[in-house]
Amino acid sequence: MKKTKLIIILCLALAACKNEARTEVSLEENRAKSYDANDGFITMKGDFIYYADAAVLQTQNEIYGVVIDDNMHQLEEQVKPFKKEPTDMVPVTLRVKKFEKPKGEEGWQYRLEIKEILKVEAPNPNKEDIIKLAN
């Protein structure tokens, strides 16, 4: 009797294992996970703008100040061909070091130091969240 119950339980367990759904993970997700896990830098995607000596990365949930250094200027050079106006924001994917701004300084709560530029994309021309003022 005990052997029969054990055999039935084993058969059910094996049958349940065979029906597991497999999900494919994209190469970009694996790359982002490996970047995040190995060196302390994080991969962020957002809209970048550099205007009047201020650099900003806006993600879906937050806005970050960007440290102005050689990597930021290199990103600005890659972004320029996609801008129609100096105030246009361009979608980018970056590897960054995120840290809090020093106390007593103005600006966004967190700052980003660009470590690597992964992708610069053309802005969506159909995006309708832009407000333009005209005289």
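Helices (H or I, at least four residues) and strands (E, at least two) are taken here as DSSP runs, numbered from the N terminus, and by this assignment Glu-76 has its place in helix α3. The structure is a predicted model, in which local features need pLDDT of at least 70 and side-chain atom pairs count only at pLDDT 80 or more, whereas totals for chains, interfaces and linings use all residues. Residues are numbered from 1 along each chain as its sequence is written, and side-chain values use heavy atoms, with hydrogens and water left out.

The protein chain contains three helices and five strands, and its elements follow one another from the N terminus on as α-α-β-β-β-α-β-β. Of its 135 residues, 22% count as buried, where buried means under 20% relative accessible area, exposed means over 50%, and partly exposed lies in between (1.4 Å probe, protein chains only). The chain exposes about 10600 Å², of which carbon and sulfur atoms supply 53%; accessible areas come from the Shrake-Rupley method with a 1.4 Å probe, and for residues only the protein chains shown count as cover. With contact defined as heavy atoms within 4.5 Å, 58% of the contacts between residues at least 6 apart in sequence join residues at least 24 apart.

The five strands close into a barrel in the order β1-β2-β3-β5-β4, with mixed pairing, two strands being counted as paired if DSSP finds at least two bridges between them. From one strand to the next, the twist averages 55°. Helix α3 packs on the sheet and touches β1, β2, β3, β4 and β5, its direction making about 45° with that of β5; axes are lines fitted to C-alpha atoms, for helices over the stretch in contact, and angles run from 0 to 180 degrees between N-to-C directions. Strands β1 and β4 run antiparallel and are joined by seven bridges, and within this pairing the bridge partner of Thr-43 in β4 is Arg-95. Strand β4 (residues 90-100) is also joined to β5 by nine bridges, again in an antiparallel arrangement, with Val-120 in β5 as the bridge partner of Val-92. By contrast, β3 and strand β5 (residues 110-120) run parallel and are joined by two bridges.

Val-66 is buried, because its relative accessible area is 8%. Its C-alpha atom is separated by 5.4 Å from that of Val-56, a residue ten places away along the chain. Leaving aside neighbours within four places in sequence, Val-66 is in contact with Phe-48, Ala-55, Val-56, Leu-57, Met-72, Leu-112 and Ile-114.

A nonpolar core is a set of buried Ala, Val, Leu, Ile, Met, Phe, Trp, Tyr and Cys residues joined through side-chain atoms within 4.5 Å. The largest such core has 17 residues, and those with the most contacts inside it are Phe-48, Leu-57, Leu-75 and Val-92. Two or more residues of this core are given by each of β1 (42-51), β2 (54-58), β3, α3 (70-79), β4 and β5, and the largest share, four residues, comes from β4. Beyond its neighbours within four places in sequence, Phe-48 is in contact with residues including Val-66, Met-72, Leu-75, Glu-76 and Val-92.

Glu-76 is itself buried, because its relative accessible area is 9%; apart from neighbours within four places in sequence, Glu-76 is in contact with Phe-48, Tyr-50 and Lys-83. The side chains of Lys-83 and Glu-76 meet in a salt bridge (3.6 Å, N to O), the term denoting a side-chain nitrogen of Lys or Arg within 4 Å of a carboxyl oxygen of Asp or Glu. Lys-83 also counts as buried, because its relative accessibility is 15%.

The structure holds six salt bridges. In one of them the side chains of Glu-121 and Lys-45 meet at 3.4 Å, N to O, and this pair links distant parts of the chain, with Glu-121 in the segment after β5 and Lys-45 in strand β1, 76 residues apart. Glu-121 counts as partly exposed at 25% relative accessibility, whereas Lys-45 is exposed, with a relative accessible area of 52%. A further salt bridge joins the side chains of Glu-105 and Arg-111 (2.7 Å, N to O), and Glu-105 is partly exposed, with a relative accessible area of 38%.
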